[in-house]
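The following note concerns the salt bridges of the structure shown below.

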Amino acid sequence: MYILGIESSCDDTSVSIVKDGCEEIATVISSQIDIHKLYGGVVPEIASRHHIKNITIVLEECLERANMTMDQIDAIAVTYGPGLIGSLLVGLEAAKTLAFVYNKPLIKVHHIAGHIYANNLVNKMEFPLLALVVSGGHTELVYMEDHYKFKKIGGTLDDAVGECYDKVGRVIGVPYPGGPVIDKMAHVGEDTYDLPIPLKDDSYNFSFSGLKSAVINLVHNEEQRGNPIRKEDLATSFQNVVVKSLTEKTMRAVEEYNIKNVIMAGGVAANSGIRDELKRLCDKDEVNLTVPPIRLCTDNAAMIATAGYFAYKEGRIADLSLNSKSSLELD
Ligand code: KG4
Ligand code: ZN
């Protein structure tokens with residue numbers, strides 16, 4: 001079964017064709033990072049305008065790379081939420097138009113289900129599993145008993161971890177998005193700044209706004225005193241706290257839920273500090289860890305086409321009245 005996936009929830013316009021929910025045929029991603037960089041973050045109105053300009057080109061290029069025509073596609077899967085409403089609408093309208101014109105089933109996919117299912121392009125997902133979902137908008141621990149059975153066991157009480165990376169990046173003056181830059185800087189610095197470990201409690205929840213404020217205050221205080229910030233050292237100190245906070249709670253959940261399979265999902269899963277530490281801890285406890293390759297961690301349509309295959313099997317077919325939703329619970 002060939003599924004054509006469409007993703008446009010934030011600032012990437014992407015179309016992909018995936019066979020049987022496990023074999024990537026072709027994926028095209030058009031990133032708008034260079035445009036939004038000028039503003040220090042994603043500007044929603046500009047993002048949707050660029051999606052409109054890009055969507056047809058990206059679709060045509062994907063079909064060309066796959067050497068396929070729309071007649072060979074069995075169904076259309078699309079991200080319908082959560083995300084920026086204007087951005088989502090562009091992908092959704094494109095998907096509805098294709099479904100209508102070519103008379104194909106329309107499958108609705110939750111953006112985070114997509115991130116989780118990116119793992120099925122690496123290894124066949126084995127259940128029960130625990131997913132550490134870390135992106136620009138989400139920080140969650142999700143327990144899955146089987147395909148499309150999502151149980152959120154914890155989540156952030158305030159900022160998402162990616163959002164926190166990007167804000168810290170802005171404060172220390174690195175270009176948007178700050179996450180990948182801080183990750184690189186963290187490798188050359190030393191852990192010299194004392195930052196608070198957030199929410200050390202018995203829950204599986206996270207909190208990053210206190211850590212973000214601690215970094216902002218530290219930078220302002222040092223600036224007022226005329227002390228230059230050692231940016232690499234701050235990046236290392238910050239990343240170490242993030243890694244500790246995420247991996248400790250993940251491993252506690254692994255134990256409590258008797259998990260043998262852990263997966264990572266979302267843009268921040270590209271972070272080498274988190275990947276390396278989680279790998280070390282999982283190896284120690286003889287737990288399998290799957291992490292998508294970096295290009296499948298950040299937003300892409302291959303993950304949507306993959307999740308779409310399993311959503312289709314669950315009967316998650318939508319009609320042309322499907323609307324996009326800026327906020328949406330994973331279910
Ligand atoms: O999943 P994603 O592409 O978009 C959302 O759905 O939010 O995630 C984007 C986020 C951004 O906050 C970006 O800074 C972060 O992922 N990110 C990273 C790294 N690569 C991307 N954060 C930390 N370390 C990285 N290597
Ligand atoms: Zn995402």
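1. Helices (H or I, at least four residues) and strands (E, at least two) are taken here as DSSP runs, numbered from the N terminus. This is a predicted model, in which local features need pLDDT of at least 70 and side-chain atom pairs count only at pLDDT 80 or more, while totals for chains, interfaces and linings use all residues. Residues are numbered from 1 along each chain as its sequence is written, and side-chain values use heavy atoms, with hydrogens and water left out.

2. A salt bridge denotes a side-chain nitrogen of Lys or Arg within 4 Å of a carboxyl oxygen of Asp or Glu. Searching the whole structure gives 15 salt bridges.

3. In helix H9 (residues 272-284), Asp283 and Lys279 are four residues apart and thus separated by about one helical turn. Their side chains form a salt bridge at 2.9 Å, N to O. On accessibility, buried means under 20% relative accessible area, exposed over 50%, and partly exposed in between (1.4 Å probe, protein chains only). Asp283, at 43%, is partly exposed, and Lys279 is partly exposed at 40%.

4. Lys244 and Glu248 form a salt bridge whose closest N and O atoms are 2.9 Å apart. The two residues lie about one helical turn apart because four residues separate their positions in helix H8 (residues 231-256). Lys244 is partly exposed at 40%, as is Glu248 at 42%.

5. A salt bridge also joins Asp331 to Arg316, with 3.6 Å between the closest N and O atoms. Asp331 lies in the segment after strand S11 (317-318) and Arg316 in the loop between helix H11 (302-313) and S11, so the pair ties together parts 15 residues apart in sequence. Asp331 is exposed at 55%, whereas Arg316 is partly exposed at 24%.

Conventions
Chains are lettered from A and ligands numbered from 1 in the order in which they are written.
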